[in-house]
Amino acid sequence: QVQLVESGGGLVQVGGSLRLSCIASGMVFKFSHMGWYRQAPGEERESVATITGIGSTNYATSVKGRFTISRDNAKNAVYLQMNNLKPEDTGVYFCHPMGTQFWGQGTQVTVSS
């Protein structure tokens, strides 16, 4: 069974940084197209960043230049380095294999002024 476990969220001040991790299991990871999504209270889940199996990335305009998605195929892991955090970055962050219906439990990121 596919399992996705996100971690690394927390409470951080504006301008701070967090590094989110997602560990995947039960799936072929090496060539998977992975994404980080987030969902703020009362908002729809939105794509934040994606990375292909070979490392090509793209980002939502709102996070471009501040966030970096990366992966370590040996660890079945995808990461999201978040710098210069803003209050609008607050939400639950999810790791997601693109084109699937698989989601983890998410990890809460709260950015306070």
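1. Let me begin with a single side chain: is Tyr 79 buried or exposed? This is a predicted model, and in it Tyr 79 has a relative accessibility of 12%. Buried means under 20%, so Tyr 79 counts as buried.

2. The surroundings of Tyr 79 are worth a look. The residue sits in strand β8. Setting aside neighbours within four places in sequence, its contacts include Arg 19, Leu 20 and Ser 21, and also Trp 36. A further run of contacts goes from Thr 68 through Ile 69, Ser 70 and Arg 71 to Asp 72. For a sense of distance, Pro 97 is 18 residues from Tyr 79 in sequence, and their C-alpha atoms are 13 Å apart.

3. Next, the nonpolar core. The largest one holds 24 residues. Those with the most contacts inside it are Trp 36, Val 48, Phe 67, Val 78, Leu 80, Met 82 and Tyr 93. Two or more residues each come from β3 (18-25), β4 (34-39), β5 (46-51), β7 (67-72), β8 (77-82), β9 (91-97) and β10 (107-112). Of these, β3 gives the most, with 4 residues.

4. Not counting residues up to four places away in sequence, it touches Trp 36, Val 48, Phe 67, Leu 80 and Met 82, among others. Its partners also include Glu 6, Leu 20, Tyr 37 and Arg 38, as well as Gly 106, Thr 107 and Val 109.

5. Now the sheet. Six strands form an open sheet in the order β2-β10-β9-β4-β5-β6, and the pairing is mixed. At its edges stand β2 (10-13) and β6 (57-59); each has a single partner strand, so one side of each has no neighbour in the sheet. On average, neighbouring strands are turned by 25° against each other, direction ignored.

6. Strands β5 and β6 run antiparallel and are joined by 3 bridges. Thr 50 has Asn 58 in β6 as its bridge partner.

7. How many salt bridges does a search of the whole structure find? There are 3, and a network of salt bridges links Arg 38, Glu 46, Arg 66 and Asp 89.

8. Arg 38 is buried at a relative accessible area of 5%, while Glu 46 is partly exposed at 37%. Arg 38 also meets Asp 89 in a salt bridge, at 2.9 Å from N to O. That pair links distant parts of the chain, with Asp 89 in the loop between β8 and β9 and Arg 38 in strand β4, 51 residues apart.

9. The remaining pair is Arg 66 with Asp 89, at 2.7 Å from N to O. Arg 66 is buried, with a relative accessible area of 9%, and Asp 89 counts as buried at 0% relative accessibility.

Technical notes:
Residues are numbered from 1 along each chain as its sequence is written. This is a predicted model: local features need pLDDT of at least 70, side-chain atom pairs count only at pLDDT 80 or more; totals for chains, interfaces and linings use all residues. Side-chain values use heavy atoms; hydrogens and water are left out. A nonpolar core is a set of buried Ala, Val, Leu, Ile, Met, Phe, Trp, Tyr and Cys residues joined through side-chain atoms within 4.5 Å. Buried means under 20% relative accessible area, exposed over 50%, partly exposed in between (1.4 Å probe, protein chains only). Contact means heavy atoms within 4.5 Å. Two strands pair if DSSP finds at least two bridges between them. Axes are lines fitted to C-alpha atoms, for helices over the stretch in contact, and angles run from 0 to 180 degrees between N-to-C directions. A salt bridge is a side-chain nitrogen of Lys or Arg within 4 Å of a carboxyl oxygen of Asp or Glu.
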